[in-house]
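Trainee: I am new to this structure and would like a close look at a single part. Please take one residue, its contacts and its surroundings, and go through them in order.

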Amino acid sequence: MRALIFAAVLAVSGCSSLNPLDWTHKVDVPQGNYVTADVVAKLKPGMTRAQVRFLLGTPLLTDAFHANRWDYKYSDSAGGKVDPASDKLLTVYFNGDVLDHVDGQAQPAPPAKQLDAAPESKKP
């Protein structure tokens with residue numbers, strides 16, 4: 001009887017998220033607008049909303065009660081675990097249709113990818 005109970009407890013513990021033998025794949029889930037610091041540096045007071053949207057993309061949050069404010073939020077959950085250090089919020093303020101100022105944090109620029117040299121093709 002004890003062996004049966006032990007086997008049942010062992011089988012049910014496999015469903016637990018606290019299982020040290022949990023080797024399941026966790027998906028990285030980036031969410032929001034990935035706005036880099038070099039793009040934010042291109043923003044200048046006096047730009048129109050269309051110019052800001054062209055540079056930064058469509059804002060993740062637009063509030064009907066704060067029409068002169070756009071929020072660009074980004075978060076990343078690497079390996080299924082939320083990393084608070086990756087949470088960034090960039091807020092763009094307008095005065096009418098013109099950019100007034102920018103507040104918040106942008107993402108660092110992604111590392112440059114090295115392109116492999118294309119193999120030389122053999123001429124016939």
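Mentor: Contact here means heavy atoms within 4.5 Å. The model is a predicted one. The part to look at is Asp 100, a residue of strand 6, which covers residues 98–104. Leaving aside neighbours within four places in sequence, Asp 100 is in contact with Pro 45, Tyr 93, Phe 94 and Asn 95. Asp 100 has a relative accessible area of 39%. Buried means under 20% and exposed means over 50%, with partly exposed in between, so Asp 100 counts as partly exposed. Met 47 is 53 residues away from Asp 100 along the chain, yet the C-alpha atoms of the two are separated by 8.4 Å.

Next come the charged pairs. Side chains of opposite charge can pair when their charged atoms come close. A search of the whole structure finds 2 salt bridges. One of them joins the side chains of Asp 97 and Arg 49, with an N to O distance of 3.5 Å. Asp 97 lies in the loop between strand 5 and strand 6, while Arg 49 belongs to helix 3, so this pair ties together parts that are 48 residues apart in sequence. The two partners can be set side by side: Asp 97 is partly exposed at 42% relative accessibility, whereas Arg 49 is buried at 17%.

Asp 71 and Arg 69 form a salt bridge as well, and their closest N and O atoms are 3.3 Å apart. In this pair Asp 71 is buried, with a relative accessible area of 9%, and Arg 69 is partly exposed, at 30%.

The last topic is the nonpolar core. The largest nonpolar core has 13 residues, and those touching the most other members are Leu 43, Val 52, Leu 56, Tyr 72, Val 92 and Leu 99. Two or more residues each come from helix 2 (37–40), helix 3 (49–56), strand 3 (66–78) and strand 5 (88–95). Strand 5 gives the most, with 3 residues. Leu 56 shows how parts of the chain meet here: not counting residues up to four places away in sequence, Leu 56 touches Asn 33, Val 35, Val 39, Leu 43, Tyr 72, Leu 90 and Val 92.

Key: Residues are numbered from 1 along each chain as its sequence is written. This is a predicted model: local features need pLDDT of at least 70, side-chain atom pairs count only at pLDDT 80 or more; totals for chains, interfaces and linings use all residues. Side-chain values use heavy atoms; hydrogens and water are left out. A nonpolar core is a set of buried Ala, Val, Leu, Ile, Met, Phe, Trp, Tyr and Cys residues joined through side-chain atoms within 4.5 Å. Buried means under 20% relative accessible area, exposed over 50%, partly exposed in between (1.4 Å probe, protein chains only). Helices (H or I, at least four residues) and strands (E, at least two) are DSSP runs, numbered from the N terminus. A salt bridge is a side-chain nitrogen of Lys or Arg within 4 Å of a carboxyl oxygen of Asp or Glu.
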